[in-house]
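Subject: Handover of a two-chain model

Dear colleague,

Please find the structure below, followed by an account of what was found in it. I would be grateful if you could read the two together.

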Amino acid sequence: MIEFLNSIQNSLIYKNFFLVLSGLDNTILLLLISLPLGFVLALLFALGRVSKIVFLSRIIASYIFIIRGTPLLVQIYLIYFGLGSVKFIRESFLWYALKEPFWCGVIALTINTVAYGAEIFRGGIQSIEKSQVESGLSLGFGKFLLLRKIILPIAIRKVLPSYGNELILMVKATSLVSLTTYMEMTGIARKIMAKTFAPVEAFIAAGILYLFLNFLMVQFVKYLEWKYNPHLRLNN
Amino acid sequence: MFKFDKLVFGDAGWGDEFLIATLMTLLVSILSMGLGLFLAIITVWAKIIQNRITRFIANFYTTVIRGVPELLVIYLIFFGGNAVVMSIAKVFGYNKYIELNALTIATIAIAVISATYSSEVLRASYLAISKGQIEAARALGMNKFSIFFKVISPQVIRHALPGIGNVWQITLKDTSLISVTGLVEIMRQSRISSNVEHSPLTFLITAAILYLCLTTISGRVFRTLEVNYSKGYST
C-alpha cells in the first residue's frame, strides 16, 4: 500500500498536478473580472438590442454578428498583437492595459462573452409574456421599476441554463489567453511539456483541473437555478 | 495602419497565400466535421443501446472532452498523438519513426471535439422520433438496416439540421486553434504574414473578415438546407 502511494507521489502526473495548480489562480483571476463585467454589459447590450432606438439596436446587432462570426483567438490576437502595433494606441493611456497580456485577455474575453450573453438575454427578454408586462403597467410601474421587478428577474431566470453553458465555454476560453504568454494553467502545462518532453502527463494534469473548475461552475449554475426557480422545486 | 497594398495577389502581396489558407481552413473544417459526425453516430449508438459499459465510455468521452478546453485537446493530440500511433505500430512489428502530418492531426483533433457536440444534437433528434414510427416500420416487416436508412435517418437529419449548423460554426471557428500545430490555415497565415510585414493589424483584420465571410456564407447554406429538409412541415 505504502509502495503504491509512493509510486503515485513519484509519478509525473502527480508532480505536474501541483505545478499546474499554481496557475489556477491566474485562470480564476481572468474569470473573476471578465465574467461579472460580461454579465452586466451583456444585460445592457441586450436591453439596447430590444430597445426601440433603431440606430442603437442596429449597432449592437452588428457587434454581435462580428464577434460571433470570428474565432476568439482572432479577437485575442487582434487586441494583443493588433492594437499594440498601432502607434497612437501605444502612446495613449490605453497602453497601460494593453501591454499586459492579462488585461488583453480580460478585454478579449469580456468582449466575446458580452456578444454571446447579449444574444442569450435578448431571447429571455423577448420570451416574456406580454400579460406580465401589462400587469406591471396596470399597477402603475414606471419603466425602470418594470425592468427591475418584472422583466429582468423573469428573463434571467429563464435563460439561466443557456447562460450557464456560456459560463462553461468561458472557463474553457481562458486557455486561449495562454497564447499571449500569460501563464495560466494551459500555459504552465505547455511549459512543463517543453521541459520534460512528456506531453500526455502535463496536459492530463491540466485537463483534470479544468474538469474540476467546470464541475464547480455547473454546481453553481444548478444552485442559481434552484434558488431563482422556487416554483419549480419538487419538494419545499 | 491598414496596408491594403499588402493584400494583392502575386509576389507583392499575400492575397494568394490567404486564398490557399482559406481553402485549407475549409478543408480541415469539412474533413473534421465529416469524421466528427461519424464519431458522433458511434457515440450516440453507444449511448442508446442498453449496455452499461458502452454507455459509460460514451458518457465519459463526451463529458471529459466538453469539460476540457479545446486547446488542451489539440495539444494532447498533437504532442501525444505520434507516440500513440508509434506504440500501435510497434504492436504490428513496425519500429520506424512515424510522424503524422499536420493535416491528419488537425482533422482528428477537431473531429474529436466536434463529435461531442454533434453527438448531443444527434441524440436529441433521435429521441425526438416517436417510438410508434419504429414500431410501425417493424410491423411492416422492415429490417434494421432499412429502418435506419428509411425511417430514422431522414427524420434525424431534419430535426438535427439547425443544431448541426451550430456545430459547424463552432467547428469552423475551432480550426483557428489548429494554427498552434503549424498547419497553415487562415490564423497561421495571418501570423506568418504579420511577422514578415510587421503589420499585425492588417493581417489579423483580414483573418477576421475571412472567418466572418465563411461563417456567414455557411449560415446561409444551412438555412437553405433547413428549408429544403422541412418541406411538408409547417414551420
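Helices (H or I, at least four residues) and strands (E, at least two) are taken here as DSSP runs and numbered from the N terminus. On that basis chain A reads α-α-α-α-α-α-α-α-α-α-α-α along its sequence, with twelve helices and zero strands. Please note that the model is predicted: local features need pLDDT of at least 70, side-chain atom pairs count only at pLDDT 80 or more, and totals for chains, interfaces and linings use all residues. Residues are numbered from 1 along each chain as its sequence is written, while chains are lettered from A and ligands numbered from 1 in the order in which they are written.

The two chains

Chain B has eight helices and zero strands, in the order α-α-α-α-α-α-α-α. Taken along the principal axes, the C-alpha atoms of chain A fill a box of roughly 75 × 60 × 25 Å, and the C-alpha trace of chain B spans about 70 × 55 × 30 Å.

A residue is called buried if 20 or more other C-beta atoms lie within 10 Å of its own, exposed if 12 or fewer, and partly exposed in between, with C-beta atoms placed from the backbone. Buried residues make up 37% of the 236 residues in chain A and 37% of the 235 residues in chain B.

Two residues are in contact if their C-beta atoms, placed from the backbone, lie within 7 Å. Of the contacts in chain A with a separation of 6 or more, 77% are between residues 24 or more positions apart. In chain B, 72% of the contacts between residues at least 6 apart in sequence join residues at least 24 apart.

The helix pair α11 and α12 of chain A

Helix α11 (residues 185-196) and helix α12 (residues 199-228) of chain A have axes that come within 8 Å and cross at roughly 165°. Therefore α11(A) is roughly antiparallel to α12(A). Axes are lines fitted to C-alpha atoms, for helices over the stretch in contact, and angles run from 0 to 180 degrees between N-to-C directions; those under 35 degrees count as roughly parallel, over 145 as roughly antiparallel, 65 to 115 as roughly perpendicular and the rest as oblique.

The crossing of α11(A) and α12(A) is right-handed, a crossing being right-handed if the near helix is turned clockwise from the far one by less than a right angle, and left-handed if anticlockwise. On α11(A), the contact is made by A:Met185, A:Thr186, A:Ala189, A:Ile192, A:Met193 and A:Thr196. On α12(A), the contributing residues include A:Pro199, A:Ala202, A:Phe203 and A:Ala206. By class, this contact has eleven nonpolar, two polar and no charged residues. Here Ala, Val, Leu, Ile, Met, Phe, Trp, Tyr, Cys and Pro count as nonpolar, Asp, Glu, Lys and Arg as charged, and the others, Gly among them, as polar.

The loop between α11 and α12 of chain A contains A:Phe197. The phi of A:Phe197 is near 55°, a positive value in a residue other than glycine, and A:Phe197 is exposed, with 9 other C-beta atoms within 10 Å. In chain B, B:His198 lies in the loop between α7 (186-197) and α8 (200-229). B:His198 is not a glycine, yet has a positive phi of about 55°; with 9 C-beta neighbours inside 10 Å, B:His198 counts as exposed.

Where the chains meet

The contact between the chains takes 26 residues from chain A and 27 residues from chain B. On the side of chain A, α4 (54-69), α5 (72-82), α11 and α12 each supply at least two residues, and α12(A) gives the largest share, eight residues. That side divides into 16 nonpolar, eight polar and two charged residues.

The axes of α12(A) and helix α3 (residues 70-91) of chain B come within 9 Å and cross at roughly 165°, so α12(A) is roughly antiparallel to α3(B). This crossing of α12(A) and α3(B) is left-handed. In it, A:Pro199, A:Val200, A:Phe203, A:Ala206, A:Gly207 and A:Tyr210 meet B:Leu72, B:Tyr75, B:Leu76, B:Phe79 and B:Gly80.

Leaving aside neighbours within four places in sequence, A:Ala206 is in contact with A:Val20, A:Met185, A:Thr186, A:Ala189 and B:Leu72.

With kind regards
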